[in-house]
Amino acid sequence: MNKGTKTSRAIINGIFTLYSLLCIIPLLLVFSISFSDETSIVANGYKLIPEVFSLKAYDVLFKDFSQILYSYGISIFVTVVGTILGVMLTAFYAYPLSRQDLPYRNGFAFFIFFTMLFGGGLVPWYLVYVNLLDLKNSVWVLIIPLLMSPFFVLVMRTFFSSSIPASILESARIDGAGELKIFSKIVLPLSLPVLATVALFSTLNYWNDWYLSMIFISDNKTISLQYLMYRTLLDIQFLTSNSNVASQISSAGGGNILDLPNKTLQMAMAVVGVGPIVLAYPFFQRYFIKGLTVGAVKG
Amino acid sequence: MIRLKRSLPLLAAVVLMFSMVLSGCGSSSNNEKNASEKNTTKVQNATKEEPKEEPKEEPKGDPYEVTLYYPGTPQKDVALVEAEANKYLLEKINATIKISAIDFGQWDNKLNLMISSGEKSDIIFTAAWQNYTVNVAKGAFLPINDLLESNGQDILKNLDPAFLDGSKIEGKNYGVPTNKELAATRGVLVRQDLLDKYKLDKSTVKTWADLEPLLKVIKENEPGVTPFYMSNSNGNGLLENLDWDYLGDASVPGVIKKVGTETKVMNELDTPEFKATAELARKWYKAGYINSDAATSNVFPKEQAKTGKVFMWTDGMKPGKDKEEEASVGFPLTQIELTQPTITTGDTSGAMLAISRSSEKPEVAMQVINLLHSDKFFNNLVNFGIEGKHYVLKDGADNVISIPADADANNRTYNPGAQWELGNQFLNYLWDNEDPNKWDKFKEFNSKGIKSPALGFSFNSEPVKNEIAAVNNVNKQFKPALTAGAVDPTEMISKYQDKLKSAGIDKIIAEKQKQLDAFLAAK
Amino acid sequence: MKLQPVLGKEPKVLEPTIKTRRKKNSFFRNLMKYKVLYLMLSPGVIFLLINNYLPMFGVIIAFKNVNYRDGILHSPWSGFENFRYLFSTSDAWEITRNTLAYNSVFILLNLLIGVGIAILLNEVKNKYASKIFQSVMLLPYFLSMIVISYLVLAFLGRDSGFINATVFPALGIEPLDWYSEPKFWPYILPLVNTWKNIGYYVVIYLAAVVGIDEEYYEAAVLDGANKWKQIKHITIPFLYPLMIIMTLMQIGKIFSADFGLFYQVPMESGALFPVTNVLDTYVYRTFLVGGDMGMSSAAGLYQAVVGFGLVLISNSIVRKINSDNALF
């Protein structure tokens, strides 16, 4: 190993360290703001390290936790149920498509593929869910639209047809196993990597979704955590006006000088919302990276 | 191709299924439509052709749930109030009520969604500044003249005819105006406690520009408090407080001067008033008097004021406005009026309850509106909650209320503060901080109002619907930033003007002029 | 389940001959033989019918002058009126330009930076460090657009934003009104998009780079090729197929923008619309904010049709270059 490569390696490592910092600093900033004192923020702006440390934002946030808790519940329910149903639906559609011997399979493939190319647009799509299915303000409308993505059907189909030897299926059939048994006892266990990939993506899609809450939910209750964060970003009052936290603080403070920590409260909401993802991230990112490469290389 | 052939049967099957689903959906919406048509024709028949034959009410059928949507903060105890109201309504008109308040910031979106999806709804708040004429042009609301005759007799009896005349579109009414002050002025609500703290004198303020020294003091001494709060597109910026008669719908361009006799419809961007005010807003913004997120914030000033971080904001004024708002804002307020009281079509239709096209029983909806206008108990129940729980009547008084002693004064569970939206204000109780002569002052105020030359004229936007949509898109891009003072007006106004021209503003103004001239000629 | 009888009837209509009967028999035989597989397909078919195919019939709204008196199906037809209005304003050009320009920049950046970082990262020989870098880079990919808009606000906020309150004073620069100055956003948005998504592309390209057989490099080293030459003649050519697939997939979607990025991150600031309004946000705003169903549908249909055309064109180009990489 010569000197040249050593310096170039140091440079490369330096670049990546810097870039990694760039990825983390914004999160750190939000985190730090949420732990800052509101008056110091108003006077001097956001800092990477709190000038005056304060837990007030969290204090206020936890005063009325009900909507946050409720939205957490919605998000978790939607994510879990949606992911399970979604992976099932995707696998059910992908497996027959992977069977070379199935008549009309190209028709079915085209049927799903075409949806990647053309769509009716927002307006009719919205009307189908609201008028025809009457799902407005229902938790199911947060689940159904994201159930199946054509892309993952194609990825899964490719995996099934390329990674599961036809000979295994053939011999199972000769042994008298039915289609369902073959699918559940042979195909699925052999396909765990691709199932996990689809499940991870699906989890991410559901957890990060705010759009469906935005257009389908009007009662301000059945909203996902992300949408709650969105509303809080636009209007800190969304958290406080419903719960009268503001007045509670003012009465606790004695006079009418109200000290609602608007800016820090906003960021505290962001921390509470993003916390689980960041905390869980170190544990599942390995699988995710693995899954991504399964999808990409084989797909 | 071979592949395609093999999948033909499948495709054929799919097409067949489509047509089945589609025809299914088509016919079901057909039915709905027929049903609603039947409903309305029934009412119309009943009243128009043979007034004798009452609509065949199924008197003891299932009670009908009337949904009421208005912009405002959702209230915690709304279910309790509903339960109380239902007891009363079931007995009176065999109906129940579902009250839905939607935050102001969300109102436009949610209302559009509700209307376009044809979701069942009955009573919807609307106003000249809330796309009233646009929604009427789209057919979102039912014409209510016949319904008023059949089920809204008390409204006709109590309401100053100027309200109903003023809010007509092409001779028809589409909303029942709130019975409240008829004249309108604009001005600001100011935190009294901060005025006192810095010994500021509000009597020195005669024009918008006179507010500046007050704002300066607050800016310098109260970090964290916004001296002059405004939010995006809620009509609370300086530019939205010019002395215009918008001729029925403030969301449609083309204005005339409220005061005077001039009836030439103008593009407000051409006026010196617009320019001067935009520059004032710019100055204030740069000085930090106006909140920096004014162009993007959706938070209604009143909501923001509840946090205690706002010194002053604009609003429509009337006698006792400050005390009325104080109850829901939670801080002592005082008002400064900055324009003279005038009466325009927009003021007569400044707050209305309309009946939605999707209502299944419009006649019951009208009965509920009628009760809001005539039934003191019901009106105050919806506006103030349950007696003994959300308020108590003052000893000896039949009209003055206060917060119950055992209730947490700072944690009000039902206090919508939306009396001006719902029914008849002259029926409302008064909080104990309000002027007991408020209603007399209202009447006096109404009589002082200067009538706009175009009073009674309401623009029919149907012929230029698309241009209005295009203009509104342009407005969204320019108006909030200009109003907030976040951009330099000198270059921005001409850019704005160019875009408006290409969106067809001239056509709208010409159409407005044509309709106005026809109206004036007929008068 | 419903499919069964319907499927059975159709061929008869098409060719009522003896051949059909045989076909019909085989059709039924197939159906019986594969009934489990068809059953498995059915939930997906139903889903696609509801979620994708049924709305396609809604494109008729674009040709109607919708009013709620008559309901959508019975509103009067207006021909191409909605389209005429759409294209008579400058909006149509603006949103088309923004959508295409931003997406092109995104695609380019994803490709260049993605491949660049992947190759560089492959040079980090410390496995542990390489893993950490990879994970950290991927982190933003997991954040929702809502969180991203919080982060951006923390930096760009007018009064307290990190840049205005901490960075600029240190450099002696006057604070800027980021959310009302359109000129910065053509840089901010690509930056944000790349920051969020690059980790994804790095992971994928890196997997391919790692997969290249070491022997090629060893042979190259023997021939005296330096690092740069190795990259140019071995690594990049090996990545071509993947690069084409990844790029094609994005080009296929070039006419639909990332709604969250353009809607959330600029905080819906009207002053920024000239540089942040894209097809998706336009469709959304005209429908939900403006309440103009016809015009919104017209814009949606325009997007769908042109998008469809672009996929076909880009696919046929790729098929010409290398038919294996074409999507269809």
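Predicted model: local features only at pLDDT ≥ 70, side-chain atom pairs only at ≥ 80, totals over all residues.

Visitor: What makes chain C more spread out than a compact globule?

Guide: The secondary structure of chain C consists of 16 helices and zero strands. Its radius of gyration is 26 Å, whereas the globule rule gives 20 Å for 328 residues; the value is well over the rule, so chain C is more spread out than a compact globule. The C-alpha trace of chain C spans about 80 × 65 × 35 Å along its principal axes.

Visitor: What share of chain C counts as buried, and on what criterion?

Guide: A residue is buried if 20 or more other C-beta atoms lie within 10 Å of its own. By that criterion, 43% of the 328 residues of chain C are buried.

Visitor: Why is H15(C) called largely enclosed?

Guide: The count of buried residues decides it: 10 of the 11 residues of H15(C) are buried, so the helix is largely enclosed by the rest of the structure. Among them are the charged residues Asp280(C) and Arg285(C), together with Tyr282(C), Tyr284(C) and Phe287(C). After H15(C) comes Gly291(C), with a positive phi near 70°.

Visitor: How do you know that chain C has two domains, and where do they lie?

Guide: The domain assignment gives domain 1 as 3-63 and domain 2 as 82-325 of chain C. Their centres, taken over C-alpha atoms, are 40 Å apart.

Visitor: Which residues of chain C does UniProt list as "domain: ABC transmembrane type-1"?

Guide: The unreviewed entry lists residues 96-314 of chain C under that heading. This span is 75% helix and 0% strand in the model, and 18 Å separate its end C-alpha atoms.

Visitor: How do you know that chain C touches chain A, and which helix gives the most to that side?

Guide: Two residues are in contact if their C-beta atoms lie within 7 Å. On that test, 67 residues of chain C are in contact with 69 residues of chain A. H3(C) gives the most to the side of chain C that touches chain A, with 15 residues. Other helices that each supply at least two residues to this side include H6 (91-122), H10 (185-210) and H16 (293-321) of chain C. By class, the side comprises 50 nonpolar residues, 16 polar and one charged.

Visitor: What makes up each domain of chain B, and how many residues does each bring to the contact between them?

Guide: In chain B, domain 1 comprises 51-179 + 344-456, and domain 2 comprises 185-343 + 464-522. The centres of the two domains of chain B lie 26 Å apart, taken over C-alpha atoms. Domain 1 of chain B brings 32 residues to the contact and domain 2 of chain B brings 34. On the domain 1 side, H17(B) gives the most, with five residues. The residues on that side of domain 1 of chain B divide into 13 nonpolar, 12 polar and seven charged.

How values were computed. Residues numbered from 1 in each chain as written. Chains lettered and ligands numbered in written order. Domains from an automatic or database assignment. Helix = DSSP H or I, 4+ residues; strand = E, 2+ residues; numbered from the N terminus. Rg over C-alpha atoms; globule rule 2.2 N^0.38 Å. Buried ≥ 20, exposed ≤ 12 C-beta atoms within 10 Å, placed from the backbone. UniProt positions renumbered as here; feature names shortened; annotations may be inferred.
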